[in-house]
Structures are given as structure tokens and as C-alpha cells.
Amino acid sequence: MRVSALRLHQFRCFGSLSCELGEGVNLFTGDNAQGKTSLVESICVLLRLQSPRTSSSSDLAQFGADAFGIRAILDGERELSHSWQAGKRRLALDGSPCRKSGDYLEASGLVVWMGNEDIQLVRGAGDSRRRYLDFAASQLYPDYRPALLAYEKALRSRNFLLKRDASPNWRQIDAYSGVLIRHGEIVIRRRSELVSQLQPWAAEAHTHVGGSRETLAISYVSGSGSSFTQSLAESQPEELRRRVTVVGPHRDDLQLLIDGRSAGQYASEGQQRTVALSLKLAQARLLQERRQTMPIILVDDIFGELDPGRRNALLSYLPAAAQKMITTTHLNWLDSNGGALSSAARFHVHAGEVVRIS
Amino acid sequence: MRRVGYPAEIVDLISHLKRLPGIGPKSAERIAIWLLRAKGEFAFEFSGAIRSAKEQVAFCRFCGFFASGQDGCDFCNDPDRNTECICVVEQPTDMLPIERTGAFRGHYHSLGGKISPLDNIGPDELRIDSLVQRIKNGEVNEIILAVGSDVEGEATASFLADHLKRIDLGRPLAITRIAQGMPAGGGLESADELTLFRALDGRRSL
Ligand SMILES: [Zn+2]
């Protein structure tokens, strides 16, 4: 998949921007806080309707504005448009409004985002890993996102009811339990399927990028035991005490082991970065294999953090045919990687302006 | 120099029109001017129609549909309808789409909303007691829950099914839910006739 003819309106630091993207590697250089990350972020927001940096659309509008717009052409034929104004999102495909975000996402492109904050996948709390699974699963399984959204909504209502009354109204709470279980089971099934499909790719990427004999093993850790229905019923005394739903996919996790030891606890920073990269590379490979199309790869500022060995290994492992948007602050590493990036379209980003330099 | 605008009466009319659903400031202005220039008695007839609809029409005290006067609505007063079956919907506007499918000839009951704790709408805010009364007083033996398939609709159906099963009737009461396939997250209003027809046909027991 390819995006071209990117247009931004009042998005982050860009008042108005028009950028012709190259088909292969696109390199964006420039100092910090000039807009490189925002530019790449806009592609993610356009294609997947979410940002890896914020969950609030109002953060995406230029300072002082209450609206933003993003447009681009996908695969040279389909125009995607995502705009937002005063709390309302508007989507369009080829100029016709698209009311259902599911239809829009189905017609949109696949994305892998790789950023510096990915290390939180290894070090951080479970929610970073769940977000990773959600982002990948939404692109693989059409039933995933609707189930996840419904699950989250039911969970909010159920938790609200658990807290609201001095003595919880179980008949009302149970009206939500069934809804929670029905949607939660789809989320659980898909996440577990996803992790077992990611596992071989993650292990392979880890060997390639890490360049050592250590083995990465990833596994799905259910937050609801072997039966959600049963766990939920059994958790009632604890729910009564803590006034919150204590079992369910919102407590899921992804276990990351290097040679059988927890990567979050025992690995060095370098090893943790390799694990995080491996998860993202596995996502790229799985999307490519399962959807029979190449995802667009967005790489935000991670090359500066990697030693030359890992950098080269990563560059050579990224799917060669995929369109890539890569941001970087330092150029010193670039020229030693002339081979992989010699044909890249280079852009300089400065104060919200983007200029093609080669 | 002072900026000149419309006279106060027109400004007032525009500000009312702006509050209508789907009417922005430009449309409101256009409609206001159009009304003033409309030929004959149109503007007076129009305001009279609004007044009499507002004064005469109320919700039917039995089923919650729109009715003029106190004696129930056209559904409740239709002697040819099947009195053994009640189709429960969220809003009175959900009845006509089901009616148009021709697949249902029973009575209706509007809840006036759906359970939504985050919006402070609980079972007590819905017309559940009057539904229970109708079931107890009549010869109802089937309740079809035709609420939406979004999260609140599902929770409402689940709560109602549980609630109605607890009524001590002394006769069997079947509780069914129309089949899934309703627009996700949408109410009945947005469903097309064929989808609704199939949904009614494929209802399942709860
Ligand atoms: Zn009536």
C-alpha cells in the first residue's frame, strides 16, 4: 500500500501543508519539535483513526484551532479524508461521506508504527501491551474493533453501577455482565489467536535484529482465567469489596520472555529495545501475510537510539517493498547506511514547513 | 457608523429556527426570510399547525405512541390487532418502521428510552411498570424485545427479560429478542424494511 499527495490543514504545527510522498522510503530530517513526528502521526491518524501519541482528537488540532483536516491518496486511486471540527469527526472516501468508521477502516490502509516509546511495550504497564494488541488485531479481524468498543462501553457502565450505590444493584449490573461477556469473548479469542500468530515472527525478528542466540517467546496471558463467565461470577465478592470489574480482557497481558526470563525485569535497555522492535516487525510480517498486502511503515526517530549493528539489521529486515516514512534528527548515521537508503526521498522539516531536498 | 442588522422580530425568528435539528445559521436565516415572503396565509397556517400539534398530541397512556386526545392511539384502538403479543421498542418512532414491514400485527409498547447508567437513565426512568400492568391485565403471551443492538439496547433487553420472567402470571409468557443484524450501535429508525422483516422473523427466545 502507498499513500501519496498528503494534505494537512491545521494539524499540530502545520497550518497548511501539501507533501508529495515517494513510493519507497521517505526520510524526514530536522531538529526536534519542528513537526517531523506530527507529519508521520498524521498518516497514522488518517489511515487508522488513532494516534500513537494521544487519544484526544482536540490535541491534534493546531494550537488555537478547533478543527483539523487530513487527506491523502491511497494506492493512487482512493482518496481518504479525515477531518474533525468542534468534537465531530467527518470521514470521506473519494469525496463521499462515510458514516461508519468500520467501513472507512476496511477501505483504508494497514499501518505499523515504530517509535521511541515502544520500549514501554517491554517496561511499561499492561495497557501499553494491550494497545499494541488492539492496534494489530483491529487491522486483522473485522469483528475486533466493534467488539472492543462495545466491551469498553459495557465495562464503563458496569463499573459505574458497581460504584454508584451503597449496596450494588446486582440486577442492573448483571444486565451488563451478559453484554460484557458476549463482546469480551470475541476480544479474548482474537487476542489469543493474534499472539499465537505473532509468536514465530517475533522470535525470528528477534534473532535477526538482536543478532544473538537468545530466544524471544511471547504468550497471551488471559485476564479472565479459562472461562470469562465463570471468572466473572466468582469475582463477585471481590467486586463488592473493590467496586470495580476485576476480571476480563481489560486485565489481559502479553508475556515477553527472553530465554525464559521476563524481558521487562531482567533484560538490558538494548535487549528491551530489540524486543520492542521485534514485536513491531512481527506485526508488519503478520499483516503482510494475512492481508496479502504490504503495510505502510511509520518509523519515528528510533534510529538514533540504536547501535549500528541493530540499525542495519532493522533496515534489512523491514519489508523491502513497503512504503516507509522515517524521521530522524541526526544525519550522521545516515551516510554509513547508504545502501538501504540511497534511493530515499529526503525531506527537511523546519517550523511546520516541509521541503524536499533530494 | 452603526452596523445595521435585521429587525428584532426577524432576529428572534432566526434564533428559534437555529435550534431545530439539522438547521445551521445560514439555513435559519434563509427559512426565516422565506417564511416572511411566502404567499397567502402560509406563515399563519404553519404556526397554527405547530400550535395545534403541540396542544393536541400527547403520548398514548397505554403504549407510548403519539395520540391526539385521551383515549389512546390508533394502535391501541384497532380491534383487529393481535392482543396476545406486544412488541417492545425504545422510542415511539420505532413502531412505524416495524409496522411497515407488515410482519407484525400485535400491539406495541415504547419504553421511552433505554437503560444508560452513564446518562443517569435507569429502569425507573423507563415505562416498564406500565408494560408489566398491560401484561398482567391482558391476555399477552409473547413479548418481543425490539430494542437496538448497541450496548445499552442489549443491556436493556437483558434487564427486561430478567424482570419479566419474574412476574407471577399463572400462564406462560414467551420472551423473544429480534434477531441480530440490526445496524450496529443504531436504533431501529435507521434499519431498512427488509432487515427489520428478517429480524422479526428470526427472533429467538430469551
Ligand atoms: Zn397506544
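B:N120 counts as exposed because 9 C-beta neighbours lie inside 10 Å; a residue is exposed with 12 or fewer other C-beta atoms within 10 Å of its own, buried with 20 or more, and partly exposed in between, the C-beta atoms being placed from the backbone. This is a predicted model, in which local features need pLDDT of at least 70 and side-chain atom pairs count only at pLDDT 80 or more, while totals for chains, interfaces and linings use all residues. Residues are numbered from 1 along each chain as its sequence is written, and chains are lettered from A and ligands numbered from 1 in the order in which they are written.

**Positive phi**

- B:N120 has a phi near 60 degrees, a positive value in a residue other than glycine.
- B:N120 sits in the loop of chain B between β4 (107-110) and α5 (128-137); helices (H or I, at least four residues) and strands (E, at least two) are DSSP runs, numbered from the N terminus.
- A:D259 also has a positive phi, near 45 degrees, and is not a glycine.
- The loop between β10 (253-258) and β11 (261-262) of chain A holds A:D259, which is partly exposed because it has 13 C-beta neighbours inside 10 Å.
- Most residues other than glycine have a negative phi.

**Sheet in chain B**

- Five strands of chain B form an open sheet in the order β4-β3-β5-β6-β7, with mixed pairing; two strands pair if DSSP finds at least two bridges between them.
- β4 and β7 (204-205) of chain B are the edge strands, each pairing on one side only.
- Strand β6 (residues 174-177) of chain B runs antiparallel to β7(B), and two bridges join them.
- B:T176 has B:S205, in β7(B), as its bridge partner.

**Around B:S68**

- B:S68 belongs to strand β2 (residues 66-68) of chain B.
- Its 14 C-beta neighbours inside 10 Å are why B:S68 counts as partly exposed.
- Leaving aside residues up to four places away in sequence, B:S68 touches B:Q56 and B:V57, a contact being two C-beta atoms, placed from the backbone, within 7 Å.

**Chain A overall**

- Chain A has 12 helices and 15 strands.
- Its C-alpha atoms fill a box of roughly 65 × 50 × 35 Å along the principal axes.
- Of the 358 residues in chain A, 42% are buried.
- Among contacts in chain A with a separation of 6 or more, 71% join residues 24 or more positions apart.
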